[in-house]
Amino acid sequence: MNRKTLALVAPALWAASVTVSMAQTAAPPEAMSIDQQVNNVFATVTGPFVNLIFAPLPGTSFPWIVLWLVVAASIFTVYFGLIQLRGFWHSIELVRGDYSDPNDAGEVSHFQALTTALSGTVGLGNIAGVAVAVGIGGPGATFWMILAGLLGMATKFTECTLGVKYRNEYPDGTVSGGPMYYMKKGFAERGKPGGRFLAVVFSIFCILGSLGGGNMFQANQAHAQIEGIVGDFPGWITGIIFAGVVFAVIVGGIKSIARVTEKVVPFMGILYVGAALIILLVNYDQIGAAFGAIFAGAFTGLGVAGGFVGALIQGFKRAAFSNEAGVGSAAIAHSAVRTKEPVTEGYVSLLEPFIDTVVICTMTALVITISGTLITDPETGLFVLNEAGTSIATVGDVSGVALTSAAFATGFSWFPYVLAVAVILFAFSTMISWSYYGLKAWTYLFGEGKTTELLFKVIFCIFVVIGAAASLGPVIDFSDAAIFAMAVVNISALYVLMPIVRRELASYNERLKSGAIKRFH
Amino acid sequence: MPTTLLIGLDGTATGERAVKHAKQLATLIGDCELLVVYVIEWSPFSFQTAEENEQRHKRRKEEIAAALSRIVDPAVKELTDAGFSARGLVRHGDVAESLIRTATDEGAAQIIVARMSEGGFVQRFMGSATASLVMSAPVPVTVVA
């Protein structure tokens with residue numbers, strides 16, 4: 001070791017030894033660990049916000065926010081005449097590039113806008129979120145999750161059409177879009193007041209959502225995965241490592257890391273679905289029974305926590321958290337596409353909840369259901385609840401990612417290792433996506449500029465550490481609450497602006513039918 | 001109506017051979033327009049980050065400007081200085097597909113390319129752009145060695 005290296009390393013070693021010795025001498029045995037302290041402070045601070053968002057309807061245990069999402073998705077489905085079914089094939093044609101002008105080659109394609117948005121949504125919601133839903137709500141939660149996914153396609157169509165229509169295009173060719181822009185411009189166009197106010201409120205919630213579901217939840221579950229492989233160790237260590245890598249990408253501009261992730265994540269997704277399909281094929285004789293449990297559980301509860309309502313709430317909550325329909329994040333991601341027709345991006349975006357929830361989440365739920373990791377009473381056939389009575393008892397007393405991992409391990413013993421890598425990559429990719437969404441909201445509020453952007457990015461990295469250190473309960477509550485708060489504001493705006501989308505859709509479909517919109521391939 | 005000859009450049013020194021051959025051919029033909037085309041390899045099915053998408057339109061413009069100034073415009077100037085009628089185009093996409101589409105759209109009678117620079121493992125594994133071009137082009141293709 002040369003002198004220069006020694007000069008650099010020595011203070012670090014000294015600092016480390018002092019920290020360790022201080023910890024050994026100063027900390028009483030009953031003192032809380034850093035993780036516990038972070039968790040307690042975090043739970044206390046976020047508690048009131050979480051309680052407000054998940055407040056039940058008077059006289060029931062049904063959270064009003066779930067009803068809000070279901071009603072909105074149903075209204076959009078009816079208002080746009082089952083666009084998710086009627087427009088499904090046209091969406092695929094658009095993604096294939098059938099209507100893309102070859103002279104526009106080199107611009108952002110529909111496929112790229114879709115996959116970019118998907119990389120922000122496909123991830124832990126599909127792996128951990130589904131396990132939480134099935135663990136608490138039983139297989140019946142899957143039914144409601146699929147229904148929420150199908151309905152959510154119409155919501156996504158509405159918000160992404162508006163995202164493209166009202167985006168900002170700057171003289172240098174860059175674009176910025178999202179709910180804050182359609183709230184401001186769309187309300188003004190319709191002569192309605194309050195657009196600017198809603199845009200500000202949405203931006204605040206979007207920042208919280210990016211720090212919660214788009215960051216802390218990801219860091220938390222990534223740490224749980226690493227712990228599952230290497231054994232218990234403090235979460236803040238994972239947090240600091242993750243924060244360092246995220247910092248390198250979003251602040252340091254080391255795009256190669258993000259590029260590698262963007263390329264590896266889709267393959268991980270394919271690998272995940274492939275593994276699930278193989279497990280289902282091997283256990284094909286149980287698929288019928290699994291669907292039976294899903295349908296029966298959807299309406300009876302099969303003895304799960306909260307019964308039928310518990311299954312419904314969990315299904316809708318986790319579906320919304322996974323596919324983000326109505327949340328507004330996709331409108332930010334899709335707005336970069338190069339198209340003269342905003343409706344085309346609406347069509348493309350409706351594939352997102354289908355891929356995310358109807359396909360991938362259902363795969364996870366089926367594998368968990370047929371794996372036998374959920375414990376049933378052999379006499380009654382009903383699920384056995386855990387000691388606290390809060391969720392279904394599982395083999396090995398696992399929940400979240402660990403439950404999915406255990407379920408896949410019944411098919412492939414090595415799969416937990418692949419899943420661990422997938423979770424870490426999914427978590428990282430979702431963090432990068434959400435750092436962008438959060439930044440867009442931040443710059444909407446505080447203006448664009450290097451210092452303001454850097455401040456947000458640093459805050460984002462700090463929350464990575466908090467997320468990894470806190471325990472799952474408070475993190476998942478805050479993540480849900482922040483993301484659903486975005487949906488409250490966004491869906492309110494969608495109600496006001498949906499006549500614009502209907503007008504756009506009618507005009508587009510008419511021109512499509514008449515051949516005015518040219519097919520190139 | 002002049003005969004259009006499309007010259008595909010790949011940004012390397014080999015392109016000069018294609019230009020030289022095109023000059024000889026144009027001299028023999030007489031009434032001829034030379035169309036210099038450079039294709040920026042790009043796929044609509046690649047994966048990008050949201051930030052890359054946001055910047056894409058700007059980057060595309062920059063890529064086209066760079067390709068024009070470094071590759072296409074010098075070639076066009078060389079041809080016009082030598083007394084030929086010439087113009088240049090930059091396209092994004094798969095090299096072979098883009099050259100074929102441009103040749104079709106512009107009514108080119110022939111495509112002239114120099115043997116592309118890729119070789120070794122990539123060429124064995126993927127097949128070269130030149131090979132794809134020769135196999136799929138609807139007009140004669142001259143590959144200059």
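In which helix of chain A is the place of A:Val230? In this predicted model, where local features need pLDDT of at least 70, side-chain atom pairs count only at pLDDT 80 or more and totals for chains, interfaces and linings use all residues, side-chain values use heavy atoms, with hydrogens and water left out. Residues are numbered from 1 along each chain as its sequence is written, while chains are lettered from A and ligands numbered from 1 in the order in which they are written.

A:Val230 lies in helix H10 (residues 195–230) of chain A, helices (H or I, at least four residues) and strands (E, at least two) being DSSP runs numbered from the N terminus. Because its relative accessibility is 58%, A:Val230 counts as exposed, a class that requires over 50% relative accessible area, whereas buried means under 20% and partly exposed lies in between (1.4 Å probe, protein chains only).

Burial was also assigned along other helices of chain A. In helix H7 (residues 124–137) of chain A, 13 of the 14 residues are buried, and A:Gly138, which follows H7(A), has a positive phi near 75°. Helix H5 (residues 88–96) of chain A has A:His90, A:Ser91, A:Glu93, A:Leu94 and A:Val95 among its buried residues, and just after H5(A) the phi of A:Gly97 is positive, at about 90°.

In chain B, strand E2 (residues 32–41) and strand E3 (residues 85–93) run parallel and are joined by nine bridges, where pairing requires that DSSP find at least two bridges between two strands. Within this pair, B:Ile40 has B:His92 in E3(B) as its bridge partner.
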